Amino acid sequence: MEQTLIILKPDAVKNKHVGHILSRIEQEGFNILALKKVHLKDKEAKKFYEVHKARPFYKDLCKFMVSGPVVVAALEAPGAVEKWRKLIGATDPAQADANTIRKLYAESKEANAVHGSDSEKNAKNEIKFFFSKDELKGKL
Ligand code: GDP
């Protein structure tokens, strides 16, 4: 079993796609290990996206991520990291395959509905970033 960290971004929450996306997550066979709604602080968004610090869109991305609440979840499935990335589709919804979450629900390359960890190692760190030991007790 593998875990991954996902975020339903401010556009997905604002556009009321949370229920649809969570339903799809269950249909696709993921187990939801932990789940909560949070409104990130500027400092937290900057820390979470630190790997993108040098990229031209870093500032805008951080601003977008604090523009409204998000829903974060730790998911579990065999090959969860790749399985989720395949299900969400390309970063830019215009390039995403039909029926992927970003094709269905994203607004733009920035407001692209969902985040997914890009490796098992990052998934572990990102899960710890959002969920306390207590919240994950016995689940990892
Ligand atoms: P992901 O792994 O598909 O989420 O894509 P990346 O790791 O490359 O980028 C992280 C996030 O930054 C994306 O999900 C988008 O929200 C945002 N992003 C990526 N590329 C761009 C861009 O060219 N412009 C803007 N404004 N945002 C971007």
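Is Ala94 buried or exposed? Ala94 counts as exposed, because its relative accessibility is 58% and the cut-off for exposed is over 50%. Keep in mind as you look around that this is a predicted model. Let's start with the ligand and its surroundings, then visit some residues along the chain.

**The ligand and its pocket**

- The ligand sits in the largest pocket.
- Around the ligand you will find Lys9, His52, Arg55, Phe57, Leu61, Arg85, Thr91, Arg102, Lys109, Glu110 and Asn112.
- Sorted by type, this shell has 6 charged residues, 3 polar ones and 2 nonpolar ones.
- Thr91 places a polar side-chain atom 2.6 Å from an oxygen atom of the ligand.
- For Asn112, a side-chain N or O atom is 2.9 Å from an oxygen atom of the ligand.
- His52 also takes part, with a side-chain N or O atom 3.1 Å from a ligand oxygen.
- On its own, the ligand has 550 Å² of accessible area, and the protein covers 80% of that.

- Asn99 has a phi near 70°, a positive value in a residue that is not glycine.
- You can find Asn99 in the loop between α5, which covers residues 80-88, and α6, which covers residues 101-105.
- Look for Ala113 in the loop between α6 and β4, the strand at residues 114-116.

**The loop with Ala94**

- Back to our opening residue: Ala94 lies in the loop between α5 and α6.
- The C-alpha atoms of Ala94 and Lys109 are 8.0 Å from each other, with the two residues 15 apart along the chain.
- Lys109 is also one of the residues that surround the ligand.

**Helix α7**

- Glu120 belongs to helix α7, which spans residues 120-130.
- With a relative accessibility of 41%, Glu120 counts as partly exposed.
- Glu120 and Asp42 are 78 residues apart along the chain, and 26 Å separates their C-alpha atoms.
- Lys128 is in helix α7 as well.
- What is the relative accessible area of Lys128, and how is it classed? Lys128 has a value of 60%, so it is exposed.
- From the C-alpha atom of Lys128 to that of Ala74 is 9.6 Å, and these residues are 54 apart along the chain.

**Strand β1**

- Thr4 is part of strand β1, made up of residues 2-8.
- Thr4 has a relative accessibility of 0%, so it counts as buried.
- How far apart are the C-alpha atoms of Thr4 and Asn122? They are separated by 8.5 Å, and the two residues are 118 apart along the chain.

Methods:
Residues numbered from 1 in each chain as written. Heavy atoms only, no water. Near = heavy atom within 4 Å. Polar contact = N/O pair within 3.5 Å; in protein donor to acceptor, adjacent residues only side chain to side chain. Areas by Shrake-Rupley, 256 points an atom, 1.4 Å probe, with all protein chains shown as cover. 1 Å grid on protein atoms, 1.4 Å probe; cavity = no way out; pocket = protein on both sides within 12 Å on 5 of 7 lines; lining within 4 Å. Sits in = over half its atoms within 2 Å of the grid points. Nonpolar A, V, L, I, M, F, W, Y, C, P; charged D, E, K, R; others polar. Helix = DSSP H or I, 4+ residues; strand = E, 2+ residues; numbered from the N terminus. Buried < 20%, exposed > 50% of the residue type's maximum accessible area, 1.4 Å probe, protein only.
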